[in-house]
Amino acid sequence: MQIRLLGPVDIAAGGEIRTVAGERRTAVLAVLALAHGEVVGTDRLVEAVWGAGPPATALNTLQQHVSYLRRALAGGGTIAARPPGYVLRVDGDSDGDATDVARADRLIRATAEADDARERVRLLRAAVALWRGGPLSGVTGLEDDARRLRTVWLRAQVALAEDRLRLGEHAGVVADLERLAADHPLDERLHGLLMLAQYRCGDQPAALRTARRLRDTLGADLGLDPGQPIRDLEAAIGRHDPALSAGTAPAAAPVPAPAQLPPAVRGFSGRAAELAGLDRAAARGGPAVCAVTGPPGVGKTSLAVHWAQGAADRYPDGQLYVNLRGFDPRGAATEPAEALRGFLTALHGPETLPDEPDELAARFRAAVAGRRLLVVLDNARDAEQVRPLLPGAEQSVTLVTSRTGLSLPGAHAAPLGLLDDDAARDLLAGRLGRDRLRAEPDAVEEIIARCARLPLALAIAAAQVATRPGVSLADQAAQLRAAGGGLDALDGGDPATDVRAVFSWSYRALRPASARLFRLLGLHPGPDLTSPGAASLAGEPLERTQARLRELLHANLLAEPVPGRYALHDLLRAYAARLAHAEDPAADRRAAVHRVLDHLLHTAHTAALAVDPGRRPLHPPEPVPGLTVPRIGDPDRALGWFEANHRVLTAAVRLAADEGFDVHAWQLPWTMTTYLDWRGHRPELIAAQTAALGVMRRIGEVPGSANAHREIGRVLHRLGRRDEGAEHLAESVRLYAQLGDTIGEARARYSWGLLLTGLERHAEAMEELGRTLALAEAAGDLLWQGRTLNALSWSRVQTGDLAGALDHGARSQALLQRAGDRHGEAFAWNTNAEIHHRLGDYARATRAHRQAIRLMHDFGDRASHARMLVELGETRLAAGDRPGTVEAWRQALRLYEQLGDPAAGPARQRLDDLTARPRDGA
C-alpha cells in the first residue's frame, strides 16, 4: 500500500486506486501521511481541517474521520491513537515506501552517493515522474506543505537538467527548460541552464534573448539586476567562450573585481581645474585621499563620479562606491560598519563577517593590501565617518565628498563653488544644444542668473526646457522669474541661492498625477525605492506609476542611481516633503505612509519565509488596498531583495515608530532577522529587536516579545555574551510557557540547549533538548524535531555515545529532508560524517562530508563551509589519502584567508606540516 500525495491525495493498494470521500477526511489523511510515521497532535489536525476557527464539535468529528480512514486503510495500514494525537502506520509498497513523497525523497537522496551522471539521471527521472500534478491537489489548509513539495520537484528538475547537460543532452533538455523558465520567470539558475543549453545547440541569439528577458522581468518585478553568475554567463556566451562547449561543465566563476561606480552624469561640463587637481593627487603615489567639499547642489557627486569613471581603467582591482548619506533629511546616515560589510561582500562575495567595527576595518585593510583600488565615499558627514573606510593600500585612491571641511591629514582638498558663467552655459549647452542657446542669449543669461549658477538648479531647468521643445527659452525664463517671487532659500543651502524657485517652476510643469507622486516621495522612508514601492506609495497600478517615474526622471527631479531603483537628491527630498505637508491633507499623507509600510512588511514577510521556511509565519495586518507586492519565492532572490532593501527596511522601522504604526514597528524587524544574522549584521539585529521589544511591551504584544527575547538571546550567545543571552532565553521560555505556545517554547529551549552545548554542559544540554523534542513532537513540527534531533546527536557524539548519536542523526536527516530545511540538513550530514569518522568508516564519512559541503556551499556560509573542509581533510588523512587531505585543506585555507578568519594561521601550519612530512615508507 502507498499513500499518494504528489497530485490528488489517494491510496494505491493491490493495483487499484482508492479515493477518500470528503475534503476534510482527505486533509486528515494527508497530514498524517506527511508526518512519515511520527505522531501528529490533535491540535495540528484540527487546525489543518478547520483552520483558525474550529467548531466546538471538532474533536468528535475528527474521531469520526479517523474511524472512516481506518476502514479505508484496512489490509495495508492503521491509524493508532498516541498521545497527544494519532500516528499513521502503513505497510509500504513493493519498494517499502509508505508514501510517494518518501519514495521521491529516497530517490533524490540516493543521487548524493552516485558518482555517475547517468545513474543520477535515472534516479532523478524516476523521482520527478512521481508528481502527477500539483501536490496535495484539492486539499486546503496545507498550502505550505504543497509549496515545499513543489520546491522539491523544481530542485529535482534543475538537478536533472544539470546532469543531462553534463552528458551532452543539450538538444533534448531545451524544451523542458523553456517550460520551466516560463513557469518560474524569476529563477536565475533555471534561466542560466536554459541559456547554456540554447548556446550549446548553436543558438547564441536565443541564449542572449533569454538573458535579456530575465533582466527585464527582474527589473520590472523586483527592481533588481541578475546576479553575477548570470552576467558572467551572458558575457561568456557573447564572446563564444570555449569553456562553454558541450562536455564541459562551466566552472564556478571567481568573484569579479567590483565595479560599483554609478553612471557618469550626462552633459557634465566645467571644473577643469578641479579635475586636473584630482589627476595630480592620484598620480603622487601612496594611499592618496582627495576631499571634494562644497554646499548642497554644487555638483560634488557629479564631479567625483565623472573623474572616477574616467580613471577606472587605472584601478584594475576594482572600484568601490558607497553613499554615506551624512546629511539625509531623516538622519539615516550609513554607519562605517555597514559600509565595510558592503565593501567586503563586493570584494569576496557573501561571507560570514565579524561584528565589531574595528575587526571589520582590519579585515578590509587586509583585503585591499597590495591592490590598486579606487574608493569613492560620497556624501560624508565628517572625518569620523570616513576614517574606518580608508583602505591604506599604497596604490589605492580614495575620493571623499562632503558638505563640510574634513579633517583628513594629507588629503588633497578640492573645494567646489558655484559655476562661472562660461561653465554654466556649457552645462546648458550640453543638455539643450548650442544652437538653441545662441538663438536666445538674453533668456539664457536670465536662466543662469535665476539658477544662481548652481549645477543642480541648472540641470533641473535644462531638463524642463528639453522636455518642452515647443516653448521658447524666454517663456521659460519668465516662468522661472514668476516662480521666484518671495521664496526663501531651502534649509541647509546657500542663503543667496533661491533654489526653491527652480524647484517650484519645474514642479508646476508636471502633470497633476506626477506632481502628486513627487510630493509623496518626500514621505517615503528612503534612501531609495523600486517601482513597486512607488506604486504602493501612490496607491496606483504599476504601469501607471512607471510612467510617472519616467516623467520625473526626464524633469531631473528624480535620479536612478542603480537600474530599477529611484532616489531624490537631499534638497529635492526636503522640498517634496514640504510640499506634501502644505498641499496634501493629513489623512492622505498617513494613508500613503500606511501603504508603503504595508508594501514593505508584506514583501519582507514573504521573502523571510522563502529564505528560512522553518520560521513560524507572522500574521501581518490585512493589506490596505492599492499595494503592489513583488513575487518572491526563491531563497536566493529573497536574499537579494533583502540585500537591496535592508536600509529601506531599517528606515521604515523608524518611520513606523514615529508615525504610530506600532504593529509595523515590531513586525518589520522580525522579517529582517534571518538576513541580518546570515550576513553578519548582528549588532544591527540586536538593536532592531531591542527597539521592537520596547514597542511590544508598550502595546502588550506578548508572542512577539517572546520571539524577540529568543532572537536577542541566541545572537548574544553567538557573540560570546552568554550570561546576557541566557537571561533573554530564560525570559523567552517563560513567556512562551505562559502563552501555552508549545512550538514557541520548543524553539526557545532549543536555543537554550545549544548555549549549554557551547559551554560543554552536555548532560544539561541533552536534558533541555529532550524537553525541546517532546514539545516539537507534541506540536507535530517536523522541522524542529529534525533540528533538535541533530543537536542531540551532536551532544551524544561529544559524550562518546555513537550508537545513540547515529540513531538520532538518521531520524534528524529524514525529518529535515521532508521538511525541506537544506541548511539544517547540511549540519545533520556533518554530524553524520563525524560519527562515521569516529567509527572508522572513512568512506561513509567522506560521502557525508561532501554532501554537507555541497549543501552549505549553496548558502554562501563560508565559515561553516571552511570548517567542514577541514573536517573532510581530517577524514581523508585518517584514511591514508594525503592528496585528498591537501586539496581539502587548501580549499579551507583559501576560504579562511578570504574571511580574514584567525583559523587561517593554524590551517596554514597544518597544511605546511603535512606537505613537508615525508610519505610513509619514503
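Two strands count as paired when DSSP finds at least two bridges between them, and helices (H or I, at least four residues) and strands (E, at least two) are DSSP runs numbered from the N terminus. This is a predicted model, in which local features need pLDDT of at least 70 and side-chain atom pairs count only at pLDDT 80 or more, while totals for chains, interfaces and linings use all residues. Residues are numbered from 1 along each chain as its sequence is written, and side-chain values use heavy atoms, with hydrogens and water left out.

View A. Six antiparallel bridges link E5 to strand E6 (residues 85-90); look for Ala81, whose bridge partner in E6 is Tyr86.

View B. Five strands form an open sheet in the order E8-E9-E10-E7-E11, with parallel pairing. Strand E8 (319-323) and strand E11 (412-415) are the edges; each has a single partner strand, so one side of each has no neighbour in the sheet. From one strand to the next, the twist averages 15°. E8 pairs with strand E9 (residues 374-380) in the parallel sense over five bridges, and Gln319 has Leu374 as its bridge partner in E9. Helix H13 (residues 336-348) packs on this sheet and touches E8 and E9, its direction making about 155° with that of E8.

**View C. Helices H7 and H8.** H7 (residues 170-183) and H8 (residues 188-200) pack at an angle of about 145°, their axes 9 Å apart. Among the residues that meet are Val173, Leu177 and Ala181 in H7, and Leu190, Leu194 and Ala197 in H8. Sorted by class, this contact has nine nonpolar, three polar and two charged residues (Ala, Val, Leu, Ile, Met, Phe, Trp, Tyr, Cys and Pro are nonpolar, Asp, Glu, Lys and Arg charged, and the others, Gly among them, polar).

**View D. Two buried cysteines.** Cys290 is buried, at 1% relative accessibility, and Cys451 is buried with a relative accessible area of 1% (buried means under 20%, with a 1.4 Å probe and protein chains only).

Notes: Axes are lines fitted to C-alpha atoms, for helices over the stretch in contact, and angles run from 0 to 180 degrees between N-to-C directions. Contact means heavy atoms within 4.5 Å. Buried means under 20% relative accessible area, exposed over 50%, partly exposed in between (1.4 Å probe, protein chains only).
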